[in-house]
Amino acid sequence: MLDSADTAWMLVATALVLMMTPALGFFYGGLVRSKNALNTLMMSFAALGFVGLAWALGGYSLVFAPGGSWIGGGSHLLLRGVDLGAKGSIPHLLFMAYQGTFAIVTAALISGAIVERMSFRAYLAFITAWALAVYAPVAHWVWGGGWLAELGALDFAGGTVVHINAAAAALVTAIVVGPRKDHARQAVLPQNVPFTLLGAGLLWLGWFGFNAGSALGANASAALAFTNTMLAPMGTLVVWTLIDLRRTGKATAVGAATAIVVGLVAITPAAGLVGPLPAIAIGVVAAVPSYAALLWRARTRLDDSLDVVAAHGVGGITGAILTGVLASRAWNGTVDGMLYGNPRQLWIQLVATVAAIAWSAGATWSILKLVALFTPLRASRREEGLGLDVSQHGEEAYSHGEGAVLVLTEPESESPALRPAAAPVS
Amino acid sequence: MKLVVAIIRPESLSRVLESLFRADVRGLTIHRAHGHGGETENVETYRGTTVKMELSEKVRLEIGVSDHFVEPTVRAIVDAARTGEVGDGKIFVLPVEKVVRIRTGEQDEAAVTPVEESAPV
């Protein structure tokens with residue numbers, strides 16, 4: 001039975017989650033050097049097209065069509081049978097669209113680990129294959145009636161499917177592609193911190209669709225998830241700022257943007273399953289391991305450039321585990337966590353976490369090796385020095401226009417005629 | 001005294017600075033600049049408009065040194081800025097008529113001599 005209120009909310013939620021991918025582009029784009037700003041933004045924007053299409057044509061079926069414990073079936077390939085009939089209380093087609101926005105942002109998250117050096121065409125091939133071969137099975141396990149769903153793993157809005165999954169892939173991708181040539185040799189500073197704060201703000205806004213939309217209706221569960229999505233990052237932001245002040249005496253803006261994302265990641269699996277005070281506790285606790293992971297990573301040779309592992313991996317694992325501890329039947333109506341007398345839930349959460357990491361890491365490695373057979377994974381050293389904006393995209397983020405000569409192509413002939421841009425028109 | 005003017009690739013700047021500090025060259029000024037030195041142009045396209053970028057981004061360093069410091073300075077820059085490809089840049093060494101250190105009023109050789117003896121590297 002279609003419900004108008006549910007459908008209305010899910011239409012809005014779908015748009016909100018789709019917006020998270022450009023928002024992620026701005027979050028990441030602000031943190032790189034100006035010569036790679038467009039490339040970093042394009043890694044997110046490209047996912048909208050390549051992963052989005054892969055999802056509609058094949059991915060949706062692999063996750064949600066009836067199938068086995070490990071992967072869905074083929075009955076919805078090319079959107080066959082995905083119509084305006086009810087799926088739950090919303091149109092099936094809208095359900096497909098909503099879930100597609102998750103696949104897109106998950107693949108785009110990985111880009112943070114390989115900015116400023118990965119070849120763009122290799123990246124396109126990689127994320128498209130990744131969405132089908134890694135995202136689809138893991139999403140099926142948890143949400144499509146697969147083995148983790150049968151086991152009883154709790155993942156309200158995608159802590160395991162989206163964040164732990166993307167972070168494991170990011171770790172492997174950073175290792176296989178290798179560090180930037182300037183990594184740990186030169187100071188690499190963010191080109192535009194306001195972009196990063198703008199991105200974090202828009203991510204938070206979009207995350208209301210991500211978490212509250214995962215209730216799949218305009219109901220009490222959505223209200224709980226919505227409120228928890230507001231409260232948890234507040235806790236993380238406060239603790240992160242206090243740690244910043246304590247360590248260096250200065251509350252950093254990049255730290256604040258990071259804290260918001262970490263809090264959002266941590267509350268994602270728990271959003272509609274825990275009460276509001278436990279949600280704040282999750283946000284507060286999540287700041288500590290992610291902050292520690294950031295500091296530790298910076299001292300290693302691992303060039304997970306924008307700290308996908310520290311934010312989404314460590315934050316995601318913290319959230320997944322605390323969901324197993326703090327889930328409360330009084331709030332979600334179905335299942336209790338360890339704190340409320342169900343210690344087995346914690347074990348199930350650990351199994352789901354380890355399974356997602358193992359599959360994601362192994363399959364990501366295989367895809368990268370496969371892509372490398374056809375095209376180099378990295379831009380050349382010269383291209384990396386010049387910047388990926390010019391070398392991969394033929395554009396600059398901040399063009400001064402001096403010395404630009406217009407290339408005129410005559411309609412009849414193929415040979416380009418040159419004319420200085422500044423020449424008077426006469 | 002001489003003024004050493006070097007035009008280098010922006011991505012070489014960190015290495016050049018490190019190399020100069022190792023050579024005990026302490027005082028310098030840099031500018032962002034645009035120039036053309038025979039390197040292949042980048043072609044950029046914005047919607048239907050294709051342009052050749054005749055000018056590349058460069059960094060220009062200016063270093064005032066006493067005569068016996070010219071060679072070490074030039075060598076430090078060349079070692080750090082050379083990639084072997086067209087577009088590595090140029091170094092010009094110019095005569096200087098007069099130098100004044102504003103803080104003390106010291107002139108010429110004294111004005112381009114670092115304040116303290118530098119620690120060995």
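## Contact between chains A and B

Two residues are in contact if their C-beta atoms, placed from the backbone, lie within 7 Å. In this predicted model, the contact draws on twelve residues of chain A and 15 residues of chain B. On the side of chain A that touches chain B, strand β3 (residues 404-409) of chain A gives the largest share, four residues. By type, that side of chain A holds five nonpolar, four polar and three charged residues.

## Packing of α9 and α11 in chain A

Helix α9 (residues 253-267) of chain A packs against helix α11 (residues 308-326) of chain A, with the axes 7 Å apart and at an angle of about 40 degrees. The crossing of the two helices, α9(A) and α11(A), is right-handed.

From α9(A), the contact is made by T258(A), V261(A), V262(A), V265(A), A266(A) and I267(A). From α11(A) come A311(A), H312(A), G315(A), G316(A), T318(A) and G319(A). The residues of this contact of α9(A) with α11(A) are six nonpolar and six polar, with no charged ones.

## Helix α10 in chain A

Helix α10 (residues 276-298) of chain A has 23 residues. From first C-alpha to last, α10(A) reaches 34 Å, close to the 33 Å expected at 1.5 Å a residue.

Buried residues in α10(A) are P278(A), A279(A), I280(A), I282(A), G283(A), A286(A), A287(A), S290(A) and Y291(A). Their cover includes α8 (220-248), α9 and α11 of chain A.

Notes:
Residues are numbered from 1 along each chain as its sequence is written. Chains are lettered from A and ligands numbered from 1 in the order in which they are written. This is a predicted model: local features need pLDDT of at least 70, side-chain atom pairs count only at pLDDT 80 or more; totals for chains, interfaces and linings use all residues. Ala, Val, Leu, Ile, Met, Phe, Trp, Tyr, Cys and Pro count as nonpolar, Asp, Glu, Lys and Arg as charged, and the others, Gly among them, as polar. Axes are lines fitted to C-alpha atoms, for helices over the stretch in contact, and angles run from 0 to 180 degrees between N-to-C directions. A crossing is left-handed if the near helix is turned anticlockwise from the far one by less than a right angle, and right-handed if clockwise. The expected span of a helix is 1.5 Å times one less than its number of residues. A residue is buried if 20 or more other C-beta atoms lie within 10 Å of its own, exposed if 12 or fewer, and partly exposed in between; C-beta atoms are placed from the backbone.
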